[in-house]
Amino acid sequence: MSTTTLTLPFLDGRPKQLLIGGEWGPAASGTTFPSIDPSTGAVVAELAEGDAADADRAVAAARAAFEGPWRTTKPAERQALIWALADAVKANFAELRHLEAVDMGLPIGRSPEAGADHAVEVLRYFAGWATKVQGDTLPNSMPWQVFTYTLKEPVGVVAAIIPWNSPINNVLWKLAPVLASGCTMVLKPAEEASLVALRIGELVAEVGIPDGVVNVVTGMGETVGAALTAHPDVDKVAFTGSTAVGQQIARAAAGNLKRVTLELGGKSPDIVLADADLRRAVPGAAMGVFANSGQACCAGTRVFVERPIYDEFVEAASAYARKLKVGNSLDPETRIGPVASSEQLERVVGYLDVGRSEGARAVAGGERLVDGKLADGYFVAPTVLVDVEDEMRVATEEIFGPVACVLPFDTLDEVVTRSNASRFGLAGGVWTRDVSKAHRLAQELRTGTVWVNTYNLFDPVVPFGGYKMSGQGRECGPDALDQYLETKAVWIRTD
Ligand code: NDP
């Protein structure tokens with residue numbers, strides 16, 4: 001195995017600090033916690049463990065920036081700052097990718113160009129919106145002369161709470177619309193993956209975004225996260241994470257009726273029809289689950305395959321799974337890295353045990369990998385489960401690991417009913433050459449995204465989010481911007 005080596009001044013051995021009001025400093029408590037490389041089990045850095053007092057200081061800094069310099073920063077200036085940040089992200093992308101790899105295990109070699117493009121385009125897309133946030137002139141029916149119009153104004157101080165599974169995108173999908181709308185933010189990254197957020201915090205300062213507009217408080221969800229969601233001076237919570245924590249956040253935010261957007265979990269169906277081109281459907285559906293070791297909210301974990309091609313599909317998908325190179329996330333050849341943490345390893349292996357006890361059978365993978373150096377990290381073999389019933393826990397609960405449940409079906413009506421019989425509704429996939437079946441399934445799946453003859457594509461212009469318990473609100477696209485804006489109605493009597 002050869003791993004990429006990059007000397008990173010950012011990882012200089014000193015504990016990483018909190019960014020509050022433009023100043024870097026330790027947590028009020030003085031305590032730290034480690035970031036662990038899931039490929040090797042080694043400590044990468046120590047991070048300040050913020051608490052409620054730090055959350056409070058960060059909210060005050062975000063409020064001061066919102067009511068101070070940021071409020072009067074012209075839209076064109078904000079646009080230029082976001083564009084400058086996009087350039088800085090691009091220039092430092094290799095480093096950000098490296099930090100992601102050692103912090104939570106995303107393989108460095110996975111389509112590197114596509115990754116950089118997406119990160120930069122998200123920022124540039126929202127930079128464009130900064131100068132296009134506008135209200136309407138409204139033709140009212142009043143008996144006197146009254147002029148009515150609307151203004152779109154930033155919601156205010158945003159607490160952005162994000163998970164660990166895709167650190168660069170998790171940060172930028174929140175940060176870009178915050179900046180474009182004129183809001184300010186306190187960012188609480190996941191404890192397993194805070195390095196990217198901290199490095200982007202440095203870039204924010206370097207490009208000249210005013211102090212306090214972006215604050216980064218690392219620490220635990222139960223302390224910093226809970227303090228932010230209950231904080232009376234936070235106007236909105238933008239959360240990505242598990243459905244269980246999303247429910248807690250909705251309850252905590254009720255105190256001052258904060259605006260809340262939630263991007264939550266999924267158990268997405270991926271439907272392979274008998275007429276599909278299997279040369280594309282097999283790798284497409286397999287990577288729809290196995291990419292990022294299955295740690296994607298939209299992973300197509302329930303693969304429904306039309307019965308005439310079921311055996312052929314299972315055999316081909318299993319062969320594909322066995323051939324995927326699993327290894328250290330810094331090895332450019334690695335397709336499947338480790339899962340993000342020892343807790344995540346325990347969870348995924350636990351689900352494999354549950355699946356076996358329920359009667360499911362692994363025809364590929366099905367276990368932790370411990371050969372040679374893999375033993376030091378948290379590696380799970382890409383797994384194909386058969387003999388799965390719809391009601392089993394492995395088919396209904398989010399595993400967040402590289403585990404595909406492959407289920408046969410006979411009719412379109414049946415597969416629609418079974419696909420939609422889930423509390424989640426984040427994404428779905430369809431593989432077919434029949435355009436009429438493709439459109440029918442795209443309409444009938446109760447999910448926020450449907451991919452046809454592809455999977456896991458994202459673009460800043462395309463909204464992403466869930467139906468049902470997969471969340472509320474959307475990331476990306478104009479819908480995302482709207483969720484950081486309030487609408488003010490203005491009435492002026494002119495007679
Ligand atoms: P969690 O919900 O456990 O954590 C997400 C974030 O919330 C972390 O920063 C966490 O902090 C914080 N948090 C935890 N408890 C609280 C609390 N009581 N109050 C406020 N914040 C809290 O999710 P994971 O990090 O385990 O991420 C995996 C989940 O995220 C999966 O279920 C996945 O489906 C979902 N997800 C959804 C996406 C989407 O767009 N729909 C995208 C990516 C992931 P800490 O890390 O310190 O615990």
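Is alanine 319 buried, partly exposed or exposed? At 31% relative accessibility, alanine 319 counts as partly exposed, where buried means under 20% relative accessible area, exposed means over 50%, and partly exposed lies in between (1.4 Å probe, protein chains only). Alanine 319 sits in helix 10 (residues 310–323), and helices here are DSSP runs of H or I with at least four residues, while strands are runs of E with at least two, both numbered from the N terminus. Between the C-alpha atoms of alanine 319 and valine 363 there are 9.4 Å in space and 44 residues in sequence.

Before we go on, a word on the model. This is a predicted model, in which local features need pLDDT of at least 70 and side-chain atom pairs count only at pLDDT 80 or more, while totals for chains, interfaces and linings use all residues. Residues are numbered from 1 along each chain as its sequence is written, and side-chain values use heavy atoms, with hydrogens and water left out.

Now let us step back to the whole chain. It has 15 helices and 24 strands, and its C-alpha trace spans about 75 × 65 × 40 Å along the principal axes. The radius of gyration is 23 Å, which agrees with the value near 23 Å that a compact globule of 495 residues would have; this radius is taken over C-alpha atoms, and the globule rule is 2.2 Å times the number of residues to the power 0.38. Buried residues make up 56% of the 495 in the chain. One of the buried residues is alanine 119, at 1% relative accessibility, and its place is in helix 4 (residues 112–130).

Next comes the ligand. Which residues come nearest to the ligand? They are Glu191, Gly221, Ser242, Leu264 and Glu398, out of 30 residues around the ligand; a residue is counted as near if one of its heavy atoms lies within 4 Å. By class, this shell has 16 nonpolar, nine polar and five charged residues. In that scheme Ala, Val, Leu, Ile, Met, Phe, Trp, Tyr, Cys and Pro count as nonpolar, Asp, Glu, Lys and Arg as charged, and the others, Gly among them, as polar.

Several polar contacts can be followed atom by atom. A polar contact is a pair of N or O atoms within 3.5 Å; within protein, one must be able to donate a hydrogen and the other to accept it, and residues adjacent in sequence count only if both atoms are side-chain atoms. A polar backbone atom of isoleucine 162 is 2.8 Å from an oxygen atom of the ligand. For tryptophan 164, an N or O atom of the side chain is 3.1 Å from a ligand oxygen. Serine 242 places a polar side-chain atom 2.6 Å from an oxygen atom of the ligand. The protein covers 89% of the 890 Å² of accessible area that the ligand has on its own, with areas from the Shrake-Rupley method and a 1.4 Å probe; for residues, only the protein chains shown count as cover. Helix 7 (221–230), strand 10 (236–240) and helix 8 (243–253) are the elements that give two or more residues to the shell.

The charged side chains form 26 salt bridges in the structure, each a side-chain nitrogen of Lys or Arg within 4 Å of a carboxyl oxygen of Asp or Glu. Lysine 174 and glutamate 475 form one of them, with their closest N and O atoms 2.5 Å apart. This pair links distant parts of the chain, 301 residues apart: lysine 174 is in helix 5 (residues 167–181), and glutamate 475 is in the loop between strand 23 (471–472) and helix 15 (477–482). Both partners, lysine 174 and glutamate 475, are buried. Elsewhere, lysine 325 and aspartate 331 meet in a salt bridge (3.5 Å, N to O); lysine 325 is partly exposed at 34%, whereas aspartate 331 is buried at 2%. A network of salt bridges links Arg63, Glu67, Asp233 and Asp235.

Finally, look at the backbone. Most residues other than glycine have a negative phi. Phenylalanine 400, however, has a positive phi of about 60 degrees, and it lies in the loop between helix 12 (393–396) and strand 18 (403–409). Cysteine 476 has a positive phi too, near 65 degrees, in the loop between strand 23 and helix 15.
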